[in-house]
Amino acid sequence: SKSISKCYVQVTGMTCASCVANIERNLRREDGIHSILVALMAGKAEVRYNPAVIHPAAIAELIRELGFGATVMENCGEGDGILELVVRGMTCASCVHKIESTLMKTNGVLYCSVALATNKAHIKYDPEAIGPRDVIQVIKDLGFTTSLVKKDRSASHLDHKQEIRQWKRSFVVSLVFCIPVMGLMIYMMVMDSQLSDAHAHHNMSSEEMEALHSSMVLEYQLLPGLSVMNFLSFLLCVPVQVFGGWHFYIQASRALRHKTANMDVLVVLATSIAFLYSFIILLVAMAERAKVNPVTFFDTPPMLFVFISLGRWLEHVAKGKTSEALARLISLQATEATIVTLGPDNVLLSEEQVDVELVQRGDIVKVVPGGKFPVDGRVIEGHSMVDESLITGEAMPVTKKPGSTVIAGSINQNGSLLISATHVGADTTLSQIVKLVEEAQTSKAPIQQFADKLSGYFVPFIVAVSVVTLLAWIIIGFVDFEIVEKYFLGYNKSISAAEVIIRFAFQASITVLCIACPCSLGLA
């Protein structure tokens, strides 16, 4: 017999089944090519050739001449089948050895490892030479019972419902408390500007007097140093900090435990510092019975939490959408297949129901009307119409006759078909689609990887900048107090210069932290 080698060629630019047929038809005619099998979704051709006549680079060149991109894939291990089995009835290490040595002697088994503790066997084999059913038969002949490791077909790991709920709740809580805080803040701004106008003109109209009074209501001190405005803001801020920020705190603590700094750390830092600083300033003002109300930052945490939790919520909703599509795709897969043995003249000799994972390449599979195609294959016998809409989007049923290709997951309509399996297991079109969608979900866009890398440096950088701001203003203050006095509004002579400087420095550094926080939103 002539030696036959196998190579894999990565093919790009295929758009539909006719491209596949085109490549297969043209290459089969060439000298030295024994057989060729093209998988559309995987973009991969498996070619068996005679190395004495032709070599892989020439094969790729032939495909290129047909107008497709083609490169030879170096690692041919891609063609190996992998089998996970549960083996029952093993009692000791010698059983394990017996199974392993027998399997390794079997033609086509490349690697095998059996674990006594878990009753699991992991086997790599060459699908050309041997199939999963043969392997199972070998183990059965040794006197052990064996079955496939059941795959979880319900795509429960793709479910984002819980996260969607959690972020939605977090967003709503923050929003409910944020609106009043924002309202108060805007109101104060407007009133302040009217007041300053009034002071500038010295002659106040009656409306301006009223404005002054209503603004005074918010500035009115419930206790010395505690204005209505600050008290309300504080009340509204506490629930947001606790309920709205709950998940952020958990995430941030995890990140810090692993010595990394992510967005959550920045959010938590900014909001916590703003909240604590404002709280302490209020206490200090009350202790001093200050006449002028201190400037607090209670408006910052609710607003930050609103924006960021909204972002997270939308992100999870989007993820949930793709996952839903994936779960539907996974549910299209058939679970069982009817394998038949044919005698001369395609006479049915026997048929058996097996798990889809056990169908091997070259098996003859019978598909009854209304049944799903368990694997990709070629029709050997029978005529039928097939609904392929879930794979191709083609609404009309497609006619199938001997020689036509069929796609796993599509539905046979009126005739019974016998097909020869060409792509099984993870190589079927449907498995490839599922794999592509899963990879697309788990892999990050390059820009996203860049943003993640940046945020790793971004967080420590911002924290450093705000510390520098703090120190710089303290130094400036002690060197030249006039500058601080000029910028620090509401400075009254009742508190010491040192305290004014420190308060102002804190105000500046917190402003840096809080403003940098939405930048993280920009990165997000």
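This is a predicted model: local features need pLDDT of at least 70, side-chain atom pairs count only at pLDDT 80 or more; totals for chains, interfaces and linings use all residues.
View 1. Strand β19 covers residues 417-423 and runs antiparallel to β13, to which four bridges join it. Lysine 366 of β13 also stands opposite threonine 338. Strand β11 (residues 336-342) pairs with β13 (residues 364-367) through three bridges, again in the antiparallel sense. In general, the strands of a sheet pair through backbone hydrogen bonds, in either a parallel or an antiparallel manner.

**View 2. An open sheet of three strands.** The strands of this open sheet follow the order β16-β15-β18, and their pairing is antiparallel. Strands β16 (398-400) and β18 (411-412) form the edges, each pairing on one side only. Strand β15, residues 384-387, is joined to β18 by two bridges, and the two strands run antiparallel. Within this part of the sheet, aspartate 387 is placed opposite isoleucine 411 of β18.

**View 3. The contact of helices α7 and α8.** Helix α7 spans residues 228-244 and helix α8 spans residues 246-257; their axes come within 5 Å and cross at roughly 50°. The two helices are therefore oblique to each other. On the α7 side, the contact is made by Gln241, Val242, Phe243 and Gly244, while α8 contributes Trp246, Phe248 and Tyr249. The residues of this contact comprise five nonpolar and two polar ones, with no charged residue.

**View 4. Spans annotated as transmembrane regions.** An unreviewed UniProt entry places the feature "transmembrane region" at residues 171-190, 222-244, 265-287, 457-479 and 500-523. In the model, residues 171-190 are 100% helix and 0% strand, and the end C-alpha atoms of the span lie 27 Å apart. For residues 222-244, the chain is 74% helix and 17% strand, with the end C-alpha atoms 28 Å apart.

**View 5. Asparagine 119 in a loop between two strands.** Asparagine 119 is located in the loop that lies between β6 (109-115) and β7 (120-125). The phi angle of asparagine 119 is near 60°, a positive value in a residue other than glycine.

Note on methods. Residues are numbered from 1 along each chain as its sequence is written. Side-chain values use heavy atoms; hydrogens and water are left out. UniProt positions are given in the numbering used here, feature names are shortened, and annotations may be inferred rather than shown by experiment. Axes are lines fitted to C-alpha atoms, for helices over the stretch in contact, and angles run from 0 to 180 degrees between N-to-C directions. Angles under 35 degrees count as roughly parallel, over 145 as roughly antiparallel, 65 to 115 as roughly perpendicular and the rest as oblique. Contact means heavy atoms within 4.5 Å. Ala, Val, Leu, Ile, Met, Phe, Trp, Tyr, Cys and Pro count as nonpolar, Asp, Glu, Lys and Arg as charged, and the others, Gly among them, as polar. Two strands pair if DSSP finds at least two bridges between them.
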